[in-house]
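Subject: Structure handover

Hello,

Here is the structure for you to open. Please keep it on screen while you read the notes below.

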Amino acid sequence: MSKDLNQDEAARRAVLENSKVIAMVGHSNDHYYTSYQVAAYLREHGYVVYPVNPHIDEVEGHKSYDTLRDIPAEVDIVNVFRKSQFLFSIAEEAAVIGAKSLWAQLGVFDDDARHFALGAGINYAQDLCIRTEHERIFGKK
């Protein structure tokens with residue numbers, strides 16, 4: 001059963017504890033961008049992070065993929081750094097690849113995407129920074 005992670009802190013903790021592979025949609029290869037910094041933090045904390053950005057080839061030696069479907073692994077969390085207008089189509093693609101959770105960063109939200117994801121059995125967070133939540137739940141390291 002999917003969980004609305006904005007409403008369930010225990011579920012947020014469980015997702016972060018039990019997930020290992022994150023697809024970062026909108027990952028930048030520029031260290032000044034938040035997506036780059038968040039991905040680096042997540043890698044430092046043991047997650048495998050796949051960049052998903054058709055406009056770049058790699059990030060610090062990590063191959064960038066054009067779409068979620070191109071990732072050669074099962075994805076636990078799809079973390080979204082795109083504008084809200086793209087969130088619904090990303091939710092659909094997350095369902096196609098069997099992602100367990102969809103996590104939209106600060107300022108990214110779409111109630112239609114939320115309803116779709118939860119209905120498809122995908123845990124869902126929106127307008128919530130995955131790094132901030134990780135630091136808050138597990139402490140800064």
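Helix α2 covers residues 34-44. Its buried residues are S35, Y36, V38, A39, Y41, L42 and R43. Buried means under 20% relative accessible area, exposed means over 50%, and partly exposed lies in between, with a 1.4 Å probe and protein chains only. The helices (H or I, at least four residues) and strands (E, at least two) are DSSP runs, numbered from the N terminus. The buried residues of α2 pack against β1, β2, β3 (58-59), β4 (62-63), β5 and α5 (130-138). Just after α2 comes G46, with a positive phi of about 95°.

Before going on, note what kind of model this is. It is predicted: local features need pLDDT of at least 70, side-chain atom pairs count only at pLDDT 80 or more, and totals for chains, interfaces and linings use all residues. Residues are numbered from 1 along each chain as its sequence is written, and side-chain values use heavy atoms, with hydrogens and water left out.

Now the other end of that packing. In α5, the buried residues are I130, E133, H134, E135 and I137. Their cover includes α1, β1, α2, β5 and β6. G139 follows α5, and its phi is positive, near 90°.

Next, the whole chain. It has five helices and seven strands. From the N terminus on, the order is α-β-α-β-β-β-β-α-β-α-β-α. The radius of gyration is 14 Å, close to the 14 Å that the globule rule gives for 141 residues, so the chain is as compact as a globular protein of that length. That radius is taken over C-alpha atoms, and the rule is 2.2 Å times the number of residues to the power 0.38. Along the principal axes, the C-alpha atoms fill a box of roughly 35 × 35 × 25 Å. Buried residues make up 50% of the 141.

Contacts come next. A contact means heavy atoms within 4.5 Å. Take the contacts between residues at least 6 apart in sequence: 59% of these join residues at least 24 apart.

Then the surface and the charges. The accessible surface is about 7,300 Å², and 47% of it belongs to carbon and sulfur atoms. The areas come from the Shrake-Rupley method with a 1.4 Å probe; for residues, only the protein chains shown count as cover. There are 15 positive and 21 negative charges, and their mean positions are 5 Å apart. Lys and Arg count as positive, Asp and Glu as negative; His and the chain ends are not counted. Each charge is placed at NZ of Lys, CZ of Arg, CG of Asp or CD of Glu.

Which residues touch the most other members of the largest nonpolar core? They are L68, I71, V78, V80, L87 and L102, out of 23 residues in that core. A nonpolar core is a set of buried Ala, Val, Leu, Ile, Met, Phe, Trp, Tyr and Cys residues joined through side-chain atoms within 4.5 Å. Two or more residues each come from β1 (21-25), β2 (48-52), β5 (77-80), α3 (87-97), β6 (101-104) and α4 (111-119). α3 gives the most, with four residues. Leaving aside neighbours within four places in sequence, L102 is in contact with several residues, including V78, V80, L87, I90 and Y124. A second, separate core has 20 residues, among them L5, M24, Y47 and I137.

H27 sits in the loop between β1 and α2. Is H27 buried or exposed? H27 is buried, at a relative accessible area of 0%. Beyond its neighbours within four places in sequence, the contacts of H27 include S35, Y36, A39, R43 and I56.

I56 is in the loop between β2 and β3. I56 counts as buried, at 12% relative accessibility. Not counting residues up to four places away in sequence, I56 touches H27, S28, N29 and S64.

S2 lies in the segment before α1 and counts as buried at 16% relative accessibility. Residues up to four places away aside, S2 touches L118, G121, I122 and N123. D8 also lies in the segment before α1 (9-18), but counts as partly exposed at 23%. D8 and A125 are 117 residues apart along the chain, yet their C-alpha atoms are separated by 9.7 Å.

Best wishes
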